[in-house]
Amino acid sequence: MRFSLLALPVISLVAQAAVIVPGATWTDTSGNVIQAHGGGFLKVGSTFYWFGEDKAANSALFSAVSCYTSTDMTTWARQNNALTPISGTMISTSNIVERPKVIFNKVNSEYVMWFHSDTSNYGAAQVGVATAKTPCGPYTYKGSFSPLGAESRDMSIFQDDDAAQTAYLLYASDNNQNFKISRLDANYYNVTAQVNVLTASTLEAPGMLKRNGVYYLFASHTSGWDPNPNRWFTASSISATFSAQEDLAPEPVRTYFSQNAFDMALGTNAVYMGDRWRPDLLGSSRYIWLPMSWASGSPQLVWADVWTLNIAAGTYTVATGTAYEAENGVVSGSATIPADPSFSGGKAVGFLGNGGSVTITVQGIGAAQWVSLYYANGDSTWRNTTVSVNGGASVLVDQPDTGGSHVILSVPVKLTLKSGSNTITFGAGQTTFAADLDKIIVYTAS
Ligand SMILES: *[C@@H]1O[C@H](CO)[C@@H](O)[C@H](O)[C@H]1NC(C)=O
Ligand SMILES: *[C@@H]1O[C@H](CO)[C@@H](O)[C@H](O)[C@H]1NC(C)=O
């Protein structure tokens with residue numbers, strides 16, 4: 001008797017773990033781009049809820065606070081909108097609603113959403129509050145106000161683990177100069193007292209988590225939509241003096257071109273959720289989620305092109321791939337090979353595009369695979385590169401400025417590779433210049 005493997009139905013014995021790819025276009029279970037910028041997260045039972053700004057209209061003005069659900073933090077299904085505009089109020093379509101954060105209030109058994117509520121020129125600088133009986137709502141808008149009479153722009157909400165579940169508003173106040181923390185009332189409808197202030201700290205985009213009884217505050221500085229080195233601070237209590245600011249990632253990478261939105265505990269580590277804003281095309285702003293590790297004793301972002309979360313175990317795994325140096329490829333036309341110690345292997349390929357290209361031979365597994373392009377773009381504008389597999393049609397990959405011609409970031413692209421050898425050509429057929437290409441890493445995950 002002979003077994004015919006071909007006659008057997010093809011069954012995948014190992015479920016493909018969903019991967020997190022920072023900077024890729026993330027889609028929901030319906031295939032639509034996830035619109036949940038400046039996000040907030042809430043866990044109810046085994047379900048995670050992701051609230052955020054829907055910027056599909058490429059405008060900063062309010063269109064909706066979206067609500068997505070997931071059980072693995074990776075596969076997200078869009079639900080009904082949690083909050084929608086109401087004309088004639090501070091949440092009309094001509095106003096600003098940003099950074100929605102939701103917590104559960106046990107006194108009233110309801111979900112309470114706080115958000116940055118503003119006029120289109122950010123002149124009102126208020127917070128808004130809305131409530132619902134279910135996590136996605138829809139929420140009933142209660143109103144917008146100036147907490148304790150002061151300005152509030154970028155903000156977050158922190159809920160403590162004490163018996164009363166005391167919650168706090170974290171907010172950039174006084175024209176973004178002073179960063180304040182104020183206690184909420186028992187209903188979570190208002191603030192009752194300021195408990196801390198980081199004077200002249202110029203912080204934005206806050207998040208907070210508690211680890212081994214220590215309060216960790218995360219925040220960016222103020223540079224508009226542009227990235228800057230985000231910082232961390234600690235204090236032994238919410239009202240104690242916070243430690244001096246420390247970098248969350250090496251300064252030159254400007255938090256891997258992102259701004260903090262939320263920080264979620266994961267076992268003894270955490271997950272950093274940031275936004276890679278694209279002001280000229282806000283709906284194409286990307287999500288930069290990274291492991292935050294305490295391996296060094298203090299929180300540091302771990303760059304990961306491709307990674308997985310194990311929620312049950314409270315762990316993360318960074319995928320490994322195969323690296324190919326760009327300078328080892330076939331360099332054609334006007335492309336050059338600049339040398340600098342910051343490049344992997346000491347070299348990169350420059351002047352790609354506009355008559356210059358490089359072709360790199362890589363090994364594939366016969367599937368759609370993530371490929372990360374490590375590049376340097378020292379110009380103050382975004383560049384892009386054409387990518388063609390085995391001479392096929394090109395796709396265009398955005399290359400945000402890296403903040404320096406020797407500062408290297410990576411961007412992902414999903415390519416379908418044959419089993420065995422493949423050629424990947426960069427920069428061919430484009431009339432603009434691409435960024436300098438340092439290396440590429442080919443992953444087997446998809
Ligand atoms: C919030 O509390 C302050 C007093 O601290 C009060 O003046 C204000 O009216 C309250 N706001 C709301 C929206 O209840
Ligand atoms: C690609 O980048 C160039 C600048 O180098 C820009 O002019 C062009 O609009 C970009 N194309 C796309 C499709 O983003």
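Is Thr202 buried, exposed or partly exposed? Thr202 is partly exposed, with a relative accessible area of 22%, where buried means under 20% relative accessible area, exposed over 50%, and partly exposed in between (1.4 Å probe, protein chains only). This is a predicted model in which local features need pLDDT of at least 70 and side-chain atom pairs count only at pLDDT 80 or more, while totals for chains, interfaces and linings use all residues. Residues are numbered from 1 along each chain as its sequence is written, chains are lettered from A and ligands numbered from 1 in the order in which they are written, and side-chain values use heavy atoms, with hydrogens and water left out.

**View 1. The whole protein, with 1 helix and 29 strands.** Helices (H or I, at least four residues) and strands (E, at least two) are DSSP runs, numbered from the N terminus. The radius of gyration is 23 Å, close to the 22 Å from the globule rule for 446 residues, so the protein is as compact as a globular protein of that length. That radius is taken over C-alpha atoms, and the rule is 2.2 Å times the number of residues to the power 0.38. Along the principal axes, the C-alpha trace spans about 65 × 60 × 45 Å. Of the 446 residues, 55% count as buried.

**View 2. The surroundings of ligand 2, made up of Arg383, Asn384, Leu396, Thr432 and Phe433.** A residue is counted here if one of its heavy atoms lies within 4 Å of the ligand. A polar side-chain atom of Asn384 comes to 2.3 Å from an oxygen atom of ligand 2. For Arg383, an N or O atom of the side chain is 3.5 Å from a ligand oxygen. Polar contacts are pairs of N or O atoms within 3.5 Å; within protein, one must be able to donate a hydrogen and the other to accept it, and residues adjacent in sequence count only if both atoms are side-chain atoms.

**View 3. Gln369, a residue of strand S25 (residues 356–376).** Have a look at how this side chain is placed: Gln369 is buried, with a relative accessible area of 1%. A polar atom of its side chain lies 2.8 Å from the backbone nitrogen of Ile365. The Gln369 side chain also reaches the backbone oxygen of Tyr443 at 2.9 Å. Beyond its neighbours within four places in sequence, Gln369 is in contact (heavy atoms within 4.5 Å) with residues including Val413, Leu415, Val442 and Thr444.

**View 4. Pro252, in the loop between strand S16 (246–247) and helix H1 (254–257).** Pro252 is partly exposed, at a relative accessible area of 47%. Not counting residues up to four places away in sequence, Pro252 touches Thr402 and Val407. Its C-alpha atom is separated by 34 Å from that of Cys67, 185 residues apart along the chain.

**View 5. Backbone geometry at Thr202, Ala125 and Pro138.** Most residues other than glycine have a negative phi, and most peptide bonds are trans. Thr202, back from the opening, has a positive phi of about 45° and sits in the loop between strand S12 (191–198) and strand S13 (203–211). Ala125 has a phi near 50° and belongs to the loop between strand S6 (110–119) and S7. Ala125 is buried, with a relative accessible area of 0%. The peptide bond from Gly137 to Pro138 is cis, with omega near 15°; Pro138 is in the loop between strand S7 (126–132) and strand S8 (140–145).
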